[in-house]
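Morning, everyone. Please have a look at the structure on the screen. I'll walk through a few of its parts.

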Amino acid sequence: MLEAKLAEAGTLKKLLDAIKELVTDANFECNEEGLNLQAMDNSHVALVSVYLEAAGFKRYRCDRPMPLGVNLSSLTKVLKCAKDDDECTIKAADEADLLNLVYEAKNSDRIAEYDMKLMDIDSDTLGIPDTDYDAEVIMSSSEFARIVRDLNNLGESVRIEVSKEGVRFASEGESANGSVLLKKEGEPGRVRTEKERKAQRARERGEKPEEDDEQEEGDGEVKVKKEKGVKKEKIKKEKKDDEEEDVEMNGEENGEEEFKANSDEEEEKSEASDEEEESGKKRKKKANGSSKPAKKAKTAKKQEEEKIGMQSISPFDFAMNAHVSLTFSLKYLVNFSKSSSLTGKVELLMSNDVPLLVNYDFGQGFVRYYLAPKIGDE
């Protein structure tokens with residue numbers, strides 16, 4: 001059995017409005033992790049991938065994996081019966097032929113219930129490989145929508161070029177040509193890997209990626225070694241070579257004297273030497289603890305993001321590993337841009353001779369569009 005409750009029906013309405021013109025019939029694949037939809041348009045030029053994670057629902061239950069075959073146009077009509085702020089519950093029994101939708105108004109006692117017939121759709125889930133792209137553009141989703149709409153009035157295709165100069169959208173029509181150049185100060189950073197993008201998305205959702213724990217633990221070790229200075233190094237040497245024990249212990253004492261001398265200088269304004277010694281011990285404990293290294297690990301993470309060049313994402317940013325120039329159909333990009341109602345940010349990921357990835361990441365999941373580039377006069 002499936003039971004999924006969304007806090008607002010408007011999210012599902014916007015999602016279907018964005019993809020209904022590209023896809024007619026499709027399966028929502030349901031499992032314990034959430035709802036997935038993958039489908040190609042009729043001409044097999046574009047692929048749509050939708051994911052609604054279980055954590056994004058107010059209540060979610062899926063006893064076993066099951067497909068929900070729906071006609072997106074019919075589902076859109078049923079969803080129009082709900083207000084955007086209504087709570088929407090989707091229910092389906094095992095091997096059922098009906099999809100039950102319940103809308104609960106937040107400010108009244110109104111509860112509306114609808115049943116929609118499910119379809120038996122034969123479709124294979126495509127394996128989309130993780131790809132490391134040569135160019136990454138992050139921009140306002142409304143700005144992207146405006147650019148592709150404006151250029152669609154001039155021609156049928158747009159050339160997207162990513163270079164050190166910036167990102168250029170250019171279209172050539174029978175009666176007019178046009179281009180839009182987006183620039184930023186400084187050199188573009190390197191493109192994030194798929195692993196780094198996943199980690200960034202997890203942090204934006206308030207989750208903690210596994211690699212963060214590893215980095216904090218590793219950075220913590222390094223920071224403790226630095227704060228202990230000569231003392232830590234001497235202890236390590238002691239373990240390796242027993243014959244140099246006396247020399248190493250002298251070094252340790254010297255390290256302690258230097259540490260105490262520094263702490264005495266910092267605590268000149270203290271009232272007593274006993275308090276100075278206690279404060280010195282507390283600082284040693286903090287150096288060994290988890291709180292101080294964790295803060296430094298965050299700083300190191302920010303520095304890494306600055307190296308990547310993608311820390312600041314507003315209002316426009318881009319990174320590149322190589323010059324990229326590809327041509328795409330504007331008709332599809334205009335359809336993709338309808339997803340701007342879901343989020344204020346869009347990612348464009350490109351490599352030469354590889355389909356363009358247009359990614360809209362929002363609170364409950366994502367919508368991704370893959371579009372094959374035009375070759376020659378096609």
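Let's start with D317, which is found in strand β14, residues 316–320. Strands are DSSP runs of E with at least two residues, helices are runs of H or I with at least four, and both are numbered from the N terminus. Is D317 buried or exposed? D317 counts as buried because its relative accessibility is 4%. Buried means under 20% relative accessible area, exposed over 50%, partly exposed in between, with a 1.4 Å probe and protein chains only. The side chain of D317 makes a polar contact of 2.7 Å with that of K184. A polar contact is a pair of N or O atoms within 3.5 Å; within protein, one must be able to donate a hydrogen and the other to accept it, and residues adjacent in sequence count only if both atoms are side-chain atoms.

A word on the source. This is a predicted model, where local features need pLDDT of at least 70, side-chain atom pairs count only at pLDDT 80 or more, and totals for chains, interfaces and linings use all residues. Residues are numbered from 1 along each chain as its sequence is written, and side-chain values use heavy atoms, without hydrogens and water.

Next, the hairpins. Strand β2, residues 25–31, runs antiparallel to β3, residues 34–40, with 4 bridges. Two strands pair if DSSP finds at least two bridges between them. The hairpin from β2 to β3 goes through 2 residues. N31 sits opposite G34 in β3. Then β3 joins β4, residues 46–53, by 7 antiparallel bridges. There, A39 has V48 as its bridge partner.
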